[in-house]
Amino acid sequence: AQAAATPNGGDVIANLFQWNWNSVASECTDVLGPKGYGAVQVAPPQESISLPGHPWWEVYQPVSYHLNSRMGTEAQFRAMVAACHDAGVKVYADAVINHMAGSNQSSTTGYGGSAFSPSAYSYSAVPYGKSDFHGSPPCPNSDLGINDWNNVTQVQECQLLNLEDLNTESDYVRGKIAGYLNTLIGAGVDGFRVDAAKHIAQADMGNIVSRLSDTQWGGRPYVYQEIFPGSSGQLAPAAFEGNGSVLEFTYASKLTQQFNGNIANLKTFGPSWGFEPSDKSAVMVTNHDLERDRTTLTYNDGSKYRLAHVFELAWGYGTPQVYAGYRFNNKDDSPPADGNGFVTDVNCGNNTWTCTDRDQGIANMVGWHNATKGQAVANWWDNGNNAIAFSRGSKGWVAINNSGSAVTQTFTTGLAAGTYCDVIHGDVSGSDCTGPTVSVDGSGKATVTVNAGDAVALHAATTGTAS
Ligand code: LAG
Ligand code: CA
């Protein structure tokens, strides 16, 4: 179905890591749309390899561009995109276009039944054959591995993790990749998280982007590229801005450092910390790789994890993501799946999936983020010791206490006089608040207690006058 709804103007991305299509569809309808999320990032929708034990990372080994995958059928995918659009939510797909399956894999089973053979570099459903992949040359290493992560040719034309590296210099390969992405755009997809974008030459990516259609809701697809930092020059995140935005890994690691240290430092959080410009940054608290490497806060970090999302949504830097995956013991653990590896429906109530996007405070901060759009940070306060507060102009105010004891303070909120709903602990319903309220007086001051490891956030006045 063609999308009828118009976008709600939100920009926050819910990264629903490996949720199946039916579950993404319900989440758009029941949670993401109502809470004001602007988009959902979904798993790679192309057919992938199927391996014994079904590790989660199967989906990063494409075997065709058919849309039957671990997350559901093509029909379910298309229905999911339509449902999200009906809820006013855009859909960004994880685009695995640097490579196909691993040359070190022997499985010839895919989720949609397409024939392929990693050992022969053969993917007949595309079709790709041996000449559609980088060999040696251009990769200077005979084992086709990357030895020097600062060498442009090796990083972009050798094999990442033994994954068969597509010859993206060729017109044919560029056409096949663009054709796949345009099929997704035709289904209603609004943008792409480009997997392993650092490993695709900028000229190749630029050519592919130039071939993309406009989206159903109008305008160019939103492209945000996975560029792991650490290399310089042509391999640094900034070198990829010509083709779109970049995922801000430096933001994620620095944010974690402050929440594990002293968040009073966040007063200057921005480009001076080494981030890409706000309009090129897709910022995040964590993602599936980072939570597995334990280099950022994760769902195991309780209030710090929650408060980091509150800060990210309040600060107004970049395009924020809220990450919602599943709990795991072993790094390779798959989400819950049936015997054939197809991911089963998400259950937010059985301690398996984290469902961070539904957390009352985080979900309501999406509305706070939308209500304060375009407003500058003002009224900064900190106690030098892990408690901060600030407003966004006169539209919203937040206090975050990352310390171990409650803080009571009379704050300058920047808000007009009135009674406000604390959206961290309550939902606004008409002129009521289901949780605690805060009174702001005629000079914009409010006396508030922020509990240890907690936050208070105000943006919606439930009465127009001070009490
Ligand atoms: C990414 N971004 O650039 C993804 O965020 C990351 O999760 C992907 O790795 C990677 N790039 C390739 O798309 C994941 C797993 C890897 C896994 C890979 C392919 O983190 O562990 O590699 O997906 O499935 C696995 C094995 C490797 C093996 C490879 C090829 O772990 O040992 O060489 O498969 O068979
Ligand atoms: Ca490459």
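Reply: Happy to! Let's begin with the disulfide that joins C421 to C433, with an S to S distance of 2.0 Å. Its torsion about the S-S bond is about 65 degrees, so this disulfide is right-handed. The pair links distant parts of the chain: C421 belongs to strand 17 (residues 418-422) and C433 to strand 19 (residues 432-433), 12 residues apart. Both C421 and C433 are buried. Please keep in mind that this is a predicted model.

How many disulfides are there in total? The count comes to four. With the bonded cysteines counted along the chain, they follow the pattern 1-2, 3-4, 5-6, 7-8.

Another of these bonds is formed by C28 and C84, whose sulfur atoms are 2.0 Å apart. The S-S torsion here is about 85 degrees, so this disulfide is right-handed. C28 sits in helix 1 (residues 21-35) and C84 in helix 2 (residues 74-86), so the bond ties together parts that are 56 residues apart in sequence. C28 has a relative accessible area of 0% and is buried; C84 is buried too, with a value of 0%.

C348 and C355 also form a disulfide, again with 2.0 Å between their sulfur atoms. Here the torsion is about -85 degrees, so the disulfide is left-handed. Are its two ends buried or partly exposed? C348 is partly exposed at 27% relative accessible area, whereas C355 counts as buried at 6%.

Most residues other than glycine have a negative phi. N379 in strand 13 (residues 377-382) likewise has a positive phi, near 55 degrees; N379 is partly exposed, with a relative accessible area of 31%.

On the helix 8 side the contact is made by R306, H309, V310, L313 and A314, and on the helix 9 side by G361, I362, M365, V366, W368 and H369. By class, these are seven nonpolar, three polar and one charged residues.

Two cis peptide bonds deserve a look too. One joins V126 and P127, with omega about -5 degrees; another runs from S136 to P137, with omega near -5 degrees. P127 is in the loop between strand 6 (122-123) and helix 3 (152-157), and P137 is found in the loop between strand 6 and helix 3.

Q156 counts as buried, with 3% relative accessibility, and D165 is buried at 1%.

Key
Residues are numbered from 1 along each chain as its sequence is written. Chains are lettered from A and ligands numbered from 1 in the order in which they are written. This is a predicted model: local features need pLDDT of at least 70, side-chain atom pairs count only at pLDDT 80 or more; totals for chains, interfaces and linings use all residues. Side-chain values use heavy atoms; hydrogens and water are left out. Contact means heavy atoms within 4.5 Å. Helices (H or I, at least four residues) and strands (E, at least two) are DSSP runs, numbered from the N terminus. Ala, Val, Leu, Ile, Met, Phe, Trp, Tyr, Cys and Pro count as nonpolar, Asp, Glu, Lys and Arg as charged, and the others, Gly among them, as polar. A disulfide is a pair of cysteine sulfur atoms within 2.5 Å. Buried means under 20% relative accessible area, exposed over 50%, partly exposed in between (1.4 Å probe, protein chains only).
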